[in-house]
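Me: I have a structure to learn from. Can we go through it in short questions?

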Amino acid sequence: MTLRNPITVNVAACDNQPLVLVFAKDAAARKELEARLAPLAWGDAFLGQFVYASTSDAKELADIEGAKPEAGVVVVQADKFGLKGTVLAQGAATATDDELVACLKEGAKRHQSEEKTFAGHVREGHGKGVFWQTVIPVTDPMELRARERGRNAGAKPE
């Protein structure tokens, strides 16, 4: 899965889970890190606890406060609206398997879940001028009208 920031950060916020991001400019290094993470992601200790993505583009890290553009694994706390994030833990590409496990455990421990309801979340977003512009074309007329009302409620398109 490729990170299309802030879309993957948004998915993590929506799922109320930390994001584990594999970053490496080199495709072979990225694939190796993904292969090392796969058994952890599917293992009993971490199954279903994270959203996973990978990228080779350092610009994709720009909206993640504290992320270093160095090959490795970054565990990210998405903000409430899924537009940016903050590093919870970071492990180098050269980390041992035990260090990767420790990185994931630290990220999971530091992650703060957001209690939110749909109506409250939308209302707060409107109040703060947050509007999520989907990359998927909206074809449902009711959804189009609802989105237009949201824009007219003071939201600013991102």
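Me: Is Phe 46 buried or exposed?
Reply: This model is predicted. A residue counts as buried under 20% relative accessible area. Phe 46 has a relative accessible area of 5%, so the word for Phe 46 is buried.

Me: And Phe 50: buried or exposed?
Reply: Use the cut-off of 20% again. Phe 50 has 6% relative accessibility, so Phe 50 is buried.

Me: What kind of pair do the rings of Phe 46 and Phe 50 make?
Reply: A pair of aromatic rings is described by the distance of the centres and the angle of the planes. The ring centres of Phe 46 and Phe 50 are 5.9 Å apart. Their planes stand at 50 degrees, so the pair is tilted.

Me: What kind of pair do Phe 50 and Tyr 52 make?
Reply: Here the ring centres are 6.0 Å apart. Planes over 60 degrees apart count as edge-to-face. The planes of Phe 50 and Tyr 52 are at 65 degrees, so this pair is edge-to-face.

Me: Which residues do the ring pairs link into a cluster?
Reply: The count of aromatic pairs comes to 2. Tyr 52 is partly exposed, with a relative accessible area of 22%. The ring pairs link a cluster of Phe 46, Phe 50 and Tyr 52.

Me: Now the sheet. What is the order of its strands?
Reply: The sheet is open and has 5 strands. β2 (51-55) and β3 (64-65) each have a single partner strand, so they stand at the edges.

Me: Which residue in β5 stands opposite Ile 64?
Reply: Strands of a sheet pair through backbone hydrogen bonds, either parallel or antiparallel. β3 and β5 (residues 85-92) pair in the parallel sense, over 2 bridges. Opposite Ile 64 stands Gly 85.

Me: Which strands does helix α2 touch?
Reply: Helix α2 covers residues 27-42 and packs on the sheet. Its direction makes about 150 degrees with that of β1. The strands touched by α2 are β1 (19-23), β2 and β4 (72-78).

Me: At about what angle does helix α3 run to β5?
Reply: Helix α3 spans residues 97-110. It lies across β1, β4 and β5. To β5, α3 runs at about 165 degrees.

Me: How many residues of β4 are buried?
Reply: Gly 72, Val 74, Val 76 and Ala 78 point one way from β4 and are buried. Val 73, Val 75 and Gln 77 point the other way and are buried too. The count for β4 is 7 of its 7 residues.

Me: Which residue in β4 is the bridge partner of Leu 19?
Reply: β1 and β4 pair in the antiparallel sense. The partner of Leu 19 is Val 76.

Me: How many residues lie between β4 and β5 in their hairpin?
Reply: β4 and β5 run antiparallel and are joined by 7 bridges. Val 73 stands opposite Gly 91 in β5. In the turn, Gly 82 has a positive phi of about 70 degrees. The number of residues between β4 and β5 is 6.

Me: How far apart in space are Asp 63 and Val 87, C-alpha to C-alpha?
Reply: Asp 63 is in the loop between β2 and β3. At 38% relative accessibility, Asp 63 is partly exposed. Asp 63 and Val 87 are 24 residues apart in sequence. In space, their C-alpha distance is 10 Å.

How values were computed. Residues numbered from 1 in each chain as written. Predicted model: local features only at pLDDT ≥ 70, side-chain atom pairs only at ≥ 80, totals over all residues. Heavy atoms only, no water. Pairing = 2+ DSSP bridges. Helix = DSSP H or I, 4+ residues; strand = E, 2+ residues; numbered from the N terminus. Contact = heavy atoms within 4.5 Å. Axes fitted to C-alpha atoms, helices over the stretch in contact; angles between N-to-C directions. Phe/Tyr/Trp six-rings, centres within 6.5 Å; stacked < 30°, edge-to-face > 60°. Buried < 20%, exposed > 50% of the residue type's maximum accessible area, 1.4 Å probe, protein only.
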